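Here are my notes from a sitting with this model.

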Amino acid sequence: MTMTLRDILNKLLGRQPSSASTARERLQLVLAHDRSDLSPELMEQMRREILEVVAKYVEIDIEAGAVSLETEDRMTALVANLPIRRPLAINSKIEEVSS
Amino acid sequence: MSKNTRIILICSGKGGVGKTTLTANLGIALARQGFRTAVLDADFGLRNLDLLLGLENRIVYTAQEVLEESCRLDQALVKHKQEPNLALLPAGNPRMLEWLKPEDMQRIVSMLIDDFDYVLIDCPAGVEDGFRNAVAASKEAIVVTNPEISAVRDADRVIGLLNTHSVEPIQLVLNRVRPKMIASQEMLSVNDVTDILALPLLGLVLEDEQVIVSTNRGEPLTLSSSKSPAARCYTNIAKRMQGEEIPIIDPSKEGSSIGDKFKRLMQTKIF
């Protein structure tokens, strides 16, 4: 997200951000979804499944994990932010998964 | 068959952003530069290009009769009196939409390319059949948008569809730009829109009351040597279409008063 000097000043003074930066943020979000053609339900399902896979390897906070779409230059990226509590005992996991 | 004819779709997705006004003004400007230019009204549902060009009373036949072969192409083309290099092929009856196919649009355009250097297609709003028909006949595209959230979103959708139809190049025209609002960051800036849509900018058109005046008269601004801001913008866009290098000035970066300088400082992007 880009921020201008005015946005920072507004923030410091506790004022609303300029409407142009609000428009920018809202557009980027809505376009990421438009471009990927994913419904919110599918996004949620994908988020759950990704978290389940990751949870096989590391201990994560399922509720805190965020998966979102971000877009730049007509390229849409899937961005996952998954806070890791601690790694699981990797070796035993590999055996478990392969068996 | 003239292979050099440039067939350009003028589209936007959203209605009311200035497609038809741009088509009329570019048509006249290109004709004035000496190019044989045809403007094709592909908005069969809600045609208006005839009105903006002041040609509504001179229509005898339309694209419909040409397709049905009940008249010749040159009988349907309406030549502009002041600018005889420009001809309009009017849209037919809205009922044409029931049977019109992409191949029909391709047929009309293929009839035009022999006699014209430019074919500008005024696309209907929306992304349905009318849009698909018009895209099928086009080689390149100009996407028109306003610095407004809904117009930019719809433009993005249209760009995606143009990409899947291998239309290229696709260039952007940003219409109804208000420099003062951009300077005070209450309007998306030129850079915001080009960054989001990731298209090369062919030009911008300043908000200008004269556009309404010219529409009232049916005389596009580029027809006279009008010095109005929008007229200059349209003429510059037509020149850039020829590859002339005319810099695009960011209007919100203009001005030398202390206030202007302060506003510029406030636009500095921090991160």
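I call a crossing left-handed if the near helix is turned anticlockwise from the far one by less than a right angle, and right-handed if clockwise. This is a predicted model, where local features need pLDDT of at least 70, side-chain atom pairs count only at pLDDT 80 or more, and totals for chains, interfaces and linings use all residues. Residues are numbered from 1 along each chain as its sequence is written, chains are lettered from A and ligands numbered from 1 in the order written, and side-chain values use heavy atoms, without hydrogens and water.

Entry 1, between chains. I looked up α2(A) (residues 19-36) against α7(B) and found a right-handed crossing. Their axes lie 10 Å apart at an angle of about 25°, so I log the two as roughly parallel (angles under 35 degrees; over 145 is roughly antiparallel, 65 to 115 roughly perpendicular, the rest oblique). On the α7(B) side, I149(B), V152(B), R153(B) and D156(B) make the contact (heavy atoms within 4.5 Å).

Next I checked α6(B) (residues 129-136) with α7(B) (residues 149-164), which pack at about 45° with axes 11 Å apart. That pair is therefore oblique. F131(B), R132(B) and V135(B) of α6(B) touch V158(B), L161(B) and L162(B) of α7(B).

Six residues from domain 1 and eight from domain 2 form the contact.

Note on methods
Axes are lines fitted to C-alpha atoms, for helices over the stretch in contact, and angles run from 0 to 180 degrees between N-to-C directions. Helices (H or I, at least four residues) and strands (E, at least two) are DSSP runs, numbered from the N terminus.
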